[in-house]
Structures are given as C-alpha cells and as structure tokens.
Amino acid sequence: MIRTVSRLFLRLLNLFSRLLALAIIWHTIVRAVRYFYKFPMPHQMANLIDNPWRRKIQPPGIMPIRHGIEPGMKVLEVGPGNGAYTMEIASWVGEDGGVIAIDIEPSAIERVEARAQAEGLENIEARVADVVNLPFADETFDAVTMMSVLGELPSPQLALMELYRVLKPGGVIAFSELLVDPDYPLARTVIALATDAGFRLKNQEGNFFSYTLVFEKVSW
Ligand SMILES: C[S@@+](CC[C@H](N)C(=O)[O-])C[C@H]1O[C@@H](n2cnc3c(N)ncnc32)[C@H](O)[C@@H]1O
C-alpha cells in the first residue's frame with residue numbers, strides 16, 4: 001500500500017516537473033520573440049488572462065485602491081483588455097468621477113462599451129487610440145492606470161511623456177505587472193522609465209512575481 005502511494009506520488013511529481021519545465025521553456029521563447037517583435041496582445045487572449053488565479057492576485061475590486069484612485073477622480077485607463085478592471089474603477093470613482101478607457105485594438109473598445117452598457121455604468125467612455133498620441137488636452141486626468149501594458153509598447157518612453165502631458169499636476173499614474181506576462185518588465189525598469197519622464201515614486205507594493213508601482217506627477 002505504502003509502495004503504491006509513494007509510486008503514485010513520484011509519478012505525479014514527475015508529471016508536475018515536466019509541465020513546469022515546458023511552461024518555463026514556452027515562456028522563455030515567447031519572451032525572447034516579444035523582445036524583438038512588439039505588437040498588441042491578440043484580442044482573443046483578453047478573457048484568458050482574466051482568470052480566477054489572476055483575480056486572486058490582482059482582485060479587480062481592490063486594484064483601483066491599490067492604484068491610488070479615489071472616488072470622484074477622472075481616470076484614464078490604458079489598454080483595458082476585456083474591461084474587467086474598467087468596470088470596477090467606474091463603480092469606485094462613482095457618478096462624480098469617470099473612466100476613459102483607450103485601446104489600440106477596436107475589439108477591446110467594443111468589449112468595454114458592451115460591458116459598460118450591460119452593467120449600466122454611464123461614467124465610462126471607451127475610445128480607440130494609441131497611448132503615444134492621445135486625443136486629450138493637457139492636464140485632463142486625475143489618475144492614469146495601466147495593468148500589463150507598459151512592457152507591450154514599442155516606445156514606453158514616448159507613452160510616458162504623453163501620459164505626463166495629460167495628467168494633472170499632483171495626479172497619480174500606476175502600473176501593475178505579473179511575472180507570467182511575457183512582456184513583464186522589472187520594477188526597477190519601470191521606476192527608471194517613469195522617473196526619466198518626470199514622475200516621482202509614491203508607493204510600491206508586491207514582490208518579484210507581482211507588483212504595483214504608484215507615481216505622482218510633480219512639477220519640477
Ligand atoms: C496584456 S493586455 C492587458 C489588458 C488589461 N489591462 C488586463 O490587465 O487584463 C494589453 C492591452 O494593451 C493594449 N495596447 C497595446 N498597445 C497599445 C497602445 N499603443 N495604445 C493603447 N493600448 C495598447 C492591447 O490592445 C491590450 O488590450
């Protein structure tokens with residue numbers, strides 16, 4: 001009996017190690033390809049990355065607070081994907097605030113619009129736009145939020161300059177990243193990029209596997 005159980009245990013361990021090795025190899029290959037070829041996440045992936053495991057680490061209802069967003073704020077969300085976080089931000093900022101979600105992929109925008117309508121949220125506006133060329137006046141937003149987007153951009157420096165422009169002085173900009181994302185940037189890379197763009201680090205939480213960085217726009 002003990003021998004059968006230990007044999008089964010060893011087999012399971014073996015299977016688990018093989019699966020883990022395959023996942024690491026796959027992740028490394030995708031990461032290497034993504035390093036040279038940047039393109040927006042295929043829209044079919046949007047629902048795949050919104051899964052129960054991720055919701056435990058980055059709970060949609062908690063992320064607006066983690067990102068320094070307060071009720072009444074006017075928020076710009078870059079790259080909303082399937083809109084799961086957009087809905088929570090809109091509920092959190094309430095009627096006195098609002099969310100404008102922009103995405104380079106029209107399908108993402110259609111999804112956000114449909115979801116906002118289905119959930120009866122009227123303080124959401126969704127627009128197709130490239131983050132490096134935003135259709136907004138200077139100092140429009142109180143907060144900018146980006147989850148798993150920065151590493152996907154070919155020119156993160158240009159994006160940060162543009163976000164600096166549309167953020168009000170004293171406004172916050174926050175980034176959350178997960179190691180399993182093939183475009184995951186190191187926290188120190190994001191800090192260096194954001195600091196170069198003129199932002200000052202206000203809060204940092206999480207660890208190597210999952211982190212959130214919140215910066216403030218300071219007028220130097
Ligand atoms: C990995 S997905 C993250 C989606 C969502 N934020 C989440 O965490 O579930 C990245 C999103 O950024 C969008 N995106 C990529 N490049 C962009 C750009 N230059 N301007 C605006 N959005 C962009 C993609 O279309 C996609 O919806």
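## Aromatic pairs

Six aromatic pairs are counted in this protein, whose structure is a predicted model. A pair of aromatic rings is described by the distance of the centres and the angle of the planes. For Phe-175 and Phe-215 the ring centres are 5.9 Å apart and the planes stand at 75 degrees, so this pair is edge-to-face.

Phe-209 has a relative accessibility of 54%, so it counts as exposed. These two residues belong to one aromatic cluster together with Tyr-184 and Tyr-211.

## Charges over rings

Two lysines are placed over aromatic rings. The charged end of Lys-74 sits over the ring of Phe-141, at 5.7 Å from the ring centre. The charged end of Lys-217 sits over the ring of Tyr-164, and here the distance to the centre is 4.4 Å.

## Nonpolar cores

In soluble globular proteins, nonpolar side chains tend to be buried together. The largest nonpolar core here has 32 residues. The members that touch the most other members are Leu-76, Val-78, Ile-102, Met-146, Leu-163, Ile-173 and Phe-199. Several strands supply at least two residues each to this core: S1 (74-78), S2 (98-103), S4 (141-147), S5 (167-178) and S7 (210-217). Helix H6 (156-166) and helix H7 (187-196) also supply at least two residues each. The most comes from H6, which gives five residues to this core.

What does Val-78 touch, leaving aside residues up to four places away in sequence? Its contacts are Ile-102, Val-131, Val-144, Thr-145, Met-146, Val-149 and Leu-163. Another core lies apart from the largest one and has 19 residues. Among them are Val-99, Leu-121, Ala-126 and Val-214.

## Overall fold

The protein has seven helices and seven strands. Read along the sequence, these elements follow the pattern α-α-α-β-α-β-α-β-β-α-β-α-β-β. The C-alpha trace spans about 70 × 40 × 30 Å along its principal axes.

Of the 220 residues of the protein, 44% count as buried. The protein exposes about 12400 Å², and carbon and sulfur atoms supply 62% of this area. Among contacts between residues at least 6 apart in sequence, 74% join residues at least 24 apart.

## Domains

The protein is divided into domain 1, covering residues 1-37, and domain 2, covering residues 43-217. The centres of domain 1 and domain 2, taken over C-alpha atoms, are separated by 32 Å. Four residues from domain 1 and seven residues from domain 2 take part in the contact.

Terms used:
Residues numbered from 1 in each chain as written. Predicted model: local features only at pLDDT ≥ 70, side-chain atom pairs only at ≥ 80, totals over all residues. Heavy atoms only, no water. Core = buried A, V, L, I, M, F, W, Y, C linked by side-chain atoms within 4.5 Å. Buried < 20%, exposed > 50% of the residue type's maximum accessible area, 1.4 Å probe, protein only. Helix = DSSP H or I, 4+ residues; strand = E, 2+ residues; numbered from the N terminus. Contact = heavy atoms within 4.5 Å. Phe/Tyr/Trp six-rings, centres within 6.5 Å; stacked < 30°, edge-to-face > 60°. Lys NZ or Arg CZ within 6 Å of the ring centre and 35° of its normal. Areas by Shrake-Rupley, 256 points an atom, 1.4 Å probe, with all protein chains shown as cover. Domains from an automatic or database assignment.
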